[in-house]
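Have a look at the fold, then read on.

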Amino acid sequence: MDEIENFAESIHEQSNEHAHHILQEGKERWVLFVALSTALIAVLAAITGLLAGEHADEAMLAQLHSSDQWAFYQAKGIKTEILDENNKTLVTFGKAPIAADIEKIKENKTEQVEIKKKAEEYQNESDMHVAKHSVFARGITLFQISIAIGAISIIVKRKALWMVSIGFACIGIFFLIQGVWF
């Protein structure tokens with residue numbers, strides 16, 4: 001991600017320098033608007049990148065919590081099976097099962113239901129954050145493309161490319177809004 005941001009910053013700086021030279025010559029005033037729009041798009045890309053990173057981190061944390069809960073669920077299951085097998089062994093030798101163990105088995109099974117529910121909730125939370133991260137990542141990509149096309153429009157002096165750049169930025173804004181509000 002840092003490489004992408006550094007690349008975008010480099011393109012942005014080069015296009016600004018080129019725009020500065022064109023403006024000093026007094027030609028093609030539209031280049032100023034390209035530079036300004038590219039700067040604004042770079043800000044939007046940075047914000048979108050921050051949000052994408054936040055959701056990636058949250059997805060990882062929720063996945064860790066889910067994994068912890070599943071491990072706890074399995075540990076309860078193993079303990080329950082050991083207690084059950086011990087009671088079966090006692091019965092095989094003609095002895096009565098241990099009443100405390102029978103109660104513990106029931107308690108463990110009840111706890112397992114709650115643990116499973118928590119694990120599934122954490123997994124759903126993780127999935128939601130991954131989905132949001134993907135939406136923001138699309139936005140970042142479109143902003144980066146927009147910045148690159150904006151820089152190219154200055155270098156080749158084509159207003160049409162700037163309009164294409166703005167189009168990509170608008171789609172990037174769509175993904176930014178989608179990630180924030182949906």
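## Ground rules

Helices here are DSSP runs of H or I with at least four residues, and strands are E runs of at least two, numbered from the N terminus. This is a predicted model, so local features need pLDDT of at least 70 and side-chain atom pairs count only at pLDDT 80 or more, while totals for chains, interfaces and linings use all residues. Residues are numbered from 1 along each chain as its sequence is written, and side-chain values use heavy atoms, with hydrogens and water left out.

## Two single residues

N124 lies in helix 3. At 52% relative accessibility it counts as exposed (over 50%; buried is under 20%, partly exposed in between, with a 1.4 Å probe and protein chains only). The C-alpha atoms of N124 and A62 are 8.5 Å apart, though 62 residues separate them along the chain.

K157 is in the loop between helix 3 and helix 4. Its phi is near 55°, a positive value in a residue other than glycine. K157 is partly exposed, at 37% relative accessibility.

## Helix 3 against helix 4

Helix 3 (residues 99-156) and helix 4 (residues 159-181) pack at about 165°, with axes 8 Å apart (axes are lines fitted to C-alpha atoms, for helices over the stretch in contact, and angles run from 0 to 180 degrees between N-to-C directions). That makes helix 3 roughly antiparallel to helix 4 (over 145 degrees; under 35 is roughly parallel, 65 to 115 roughly perpendicular, the rest oblique).

The crossing of helix 3 and helix 4 is left-handed, meaning the near helix is turned anticlockwise from the far one by less than a right angle.

## Helix 2 against helix 4

The axes of helix 2 and helix 4 come within 11 Å and cross at roughly 25°, so helix 2 and helix 4 are roughly parallel to each other. Their crossing is left-handed. Residues of helix 2 in this contact (heavy atoms within 4.5 Å) include W30, F33 and I41, and those of helix 4 include W162, I166 and V180.

## The nonpolar cores

Which residues make up the largest nonpolar core? There are ten: I41, L44, A45, A52, F136, I140, F143, I147, A169 and L176. A core is a set of buried Ala, Val, Leu, Ile, Met, Phe, Trp, Tyr and Cys residues joined through side-chain atoms within 4.5 Å. Helix 2 (30-92), helix 3 and helix 4 are the elements giving two or more residues to this core.

Apart from that core lies another, of five residues, among them W30, V31, V34 and I154.
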